[in-house]
Amino acid sequence: MTEPTKRVWATIDLEAFKKNLALVSSLCSGSKIYPVVKSNAYGHGMEQVVNAALNSETKIAGFSVATIQEAIDLRALNVNLPILMLNGFFNEDELRLCLELNIESVLHANHQVKLVNDFLSTETLKGLTRFWIKMNSGMNRLGMSSEDCQKAFKDLNINPNIELVFMTHLAYADDMENLESEEFTTKQLRRFNQAKEKIQSNHDKELETSIAASAGILTLPITHKNYVRPGVMLYGSSPLAKKKGGDVGLNPVMSLSSRLISINEVRAGEGIGYNATYICDKDMRVGTVSIGYGDGYPRSAKNGTPVLIKTRSQTFKTQVIGRVSMDMITIDLSEVHDSEINDEVLLWGAGLCPDEVAAHADTIAYELFCKVTKRVPLIYV
């Protein structure tokens with residue numbers, strides 16, 4: 001059967017991913033790296049991204065995921081490195097799965113610590129097991145109090161088969177030029193360090209710690225510690241409020257593309273798309289592109305959201321006009337004189353920073369990546 005022409009596709013540049021991973025290593029030379037590959041590696045394909053990481057020149061210590069199913073899927077790929085489950089287990093069954101598959105779990109709540117203690121009261125660990133004890137230092141999402149963390153360390157540290165890492169997560173490290181952000185982050189670090197000192201006073205070995213995710217890796221060397229957990233920066237997007245990926249040396253990994261399927265001449269005063277959210281202020285050429293929110297392009301993208309169109313002569317930067325539909329968007333072709341049906345249109349990626357697109361859609365690049373739907377094929381290069 002004749003293969004259909006691809007109407008939408010996402011090109012995944014695994015060499016760009018490796019370069020971003022190498023940047024993490026250069027910034028955190030004294031830390032072990034646990035790349036975050038949750039949510040299907042932020043929409044980039046867990047299996048391919050994990051294989052790229054394993055075959056890169058950068059040494060990694062393990063991988064981070066969010067859920068037990070992600071951990072199971074990752075282990076099924078014959079990954080022998082440690083797997084850290086950031087959201088922790090829900091119940092005893094999941095705890096047993098973690099132990100069976102050698103999955104390292106975050107303990108962020110007292111009921112999880114109790115489940116481990118209850119398990120240890122009747123059974124013996126078959127090998128060395130690592131748990132990550134998470135403190136709520138100010139984000140107020142997951143994590144225990146300083147006192148509860150100290151108790152968890154005291155209860156679990158007596159077992160010779162358990163290794164413990166003390167961790168927290170920064171809530172406001174994306175804008176350290178902002179005084180409020182700096183003060184908030186300083187408060188979080190102070191709380192964490194005070195708790196660490198108390199735990200260390202009752203701990204024989206030097207306590208291992210982990211604080212930094214992408215924002216901390218880029219802006220706060222003091223947070224690099226024993227382990228770092230890079231996430232969105234690996235995929236080329238900046239975690240920082242006032243900087244794009246290219247500003248901090250990151251390479252875009254996903255390039256989302258589609259095709260021009262219609263060109264119309266629209267008179268001044270006419271509206272474009274549903275509810276006529278754009279009114280033409282002059283006679284203009286309008287192109288229709290075969291992509292929409294059914295493919296993951298954000299419906300919230302406003303008039304003026306940038307796109308690139310590649311014609312025979314050159315690549316033009318133009319903009320979305322009118323409301324995003326399920327399968328189509330419309331773009332301004334007024335200054336694109338040689339556009340033709342089937343011209344490639346780049347929605348974000350190499351040449352068009354996803355952070356810039358996300359800003360026009362009142363979201364972040366993380367969401368752009370994760371919402372690309374299954375009807376968009378991923379092409380790996």
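# A tour from pocket to strand

By class, 24 nonpolar, eight polar and 10 charged residues make up the lining of the largest pocket. Here Ala, Val, Leu, Ile, Met, Phe, Trp, Tyr, Cys and Pro count as nonpolar, Asp, Glu, Lys and Arg as charged, and the others, Gly among them, as polar. The model is predicted: local features need pLDDT of at least 70, side-chain atom pairs count only at pLDDT 80 or more, and totals for chains, interfaces and linings use all residues. Residues are numbered from 1 along each chain as its sequence is written, and side-chain values use heavy atoms, with hydrogens and water left out.

**Stop 1: the largest pocket**

Select Ala215, Val232, Pro239, Ile364 and Tyr366. Of the 42 lining residues, these lie nearest the pocket's centre. The volume is about 960 Å³. On a 1 Å grid over the protein atoms alone, a pocket is an open set of points with protein on both sides within 12 Å along at least five of seven lines; a cavity is a set where a 1.4 Å probe fits but cannot get out; lining residues have an atom within 4 Å of a point. Grid points are joined across faces, edges and corners, and a volume is the space filled by probe spheres set on the points.

Now colour H2, helix H9 (214-219), helix H10 (354-360) and helix H11 (365-370). Each supplies at least two lining residues. H10 gives the largest share, four residues. Helices (H or I, at least four residues) and strands (E, at least two) are DSSP runs, numbered from the N terminus.

**Stop 2**

The whole structure has 10 aromatic pairs. Rings of Phe, Tyr and Trp (its six-membered ring) pair if their centres lie within 6.5 Å; planes under 30 degrees apart count as stacked, over 60 as edge-to-face and the rest as tilted.

How are the rings of phenylalanine 17 and tyrosine 235 arranged? Their centres are 5.8 Å apart and their planes at 40 degrees, so the pair is tilted. Phenylalanine 17 sits in helix H1 (residues 14-27), and tyrosine 235 in the loop between strand E9 (227-228) and E10, 218 residues apart. Next, tyrosine 42 and tyrosine 235: centres 4.7 Å apart, planes at 25 degrees, so this pair is stacked. Tyrosine 42 belongs to helix H2 (residues 38-43), 193 residues from tyrosine 235. Both tyrosines are buried, meaning under 20% relative accessible area, with exposed over 50% and partly exposed in between (1.4 Å probe, protein chains only).

**Stop 3: strand E13**

Select residues 284-289. Six of the six residues of strand E13 are buried, so the strand is largely enclosed by the rest of the structure. Met284, Val286 and Thr288 point one way; Arg285, Gly287 and Val289 point the other way. In a regular strand the side chains alternate between the two faces of the sheet.

Six bridges join E10 to E13, antiparallel. Two strands pair if DSSP finds at least two bridges between them. Find glutamate 265 opposite arginine 285. Then show strand E16 (residues 329-332), which pairs with E13 in the antiparallel sense over four bridges. There, threonine 288 stands opposite threonine 330.

**Stop 4: the cavity**

Finish with Lys134, Met135, Asn136 and Ser137, which are among the residues lining the largest cavity. About 40 Å³ of space lies inside.
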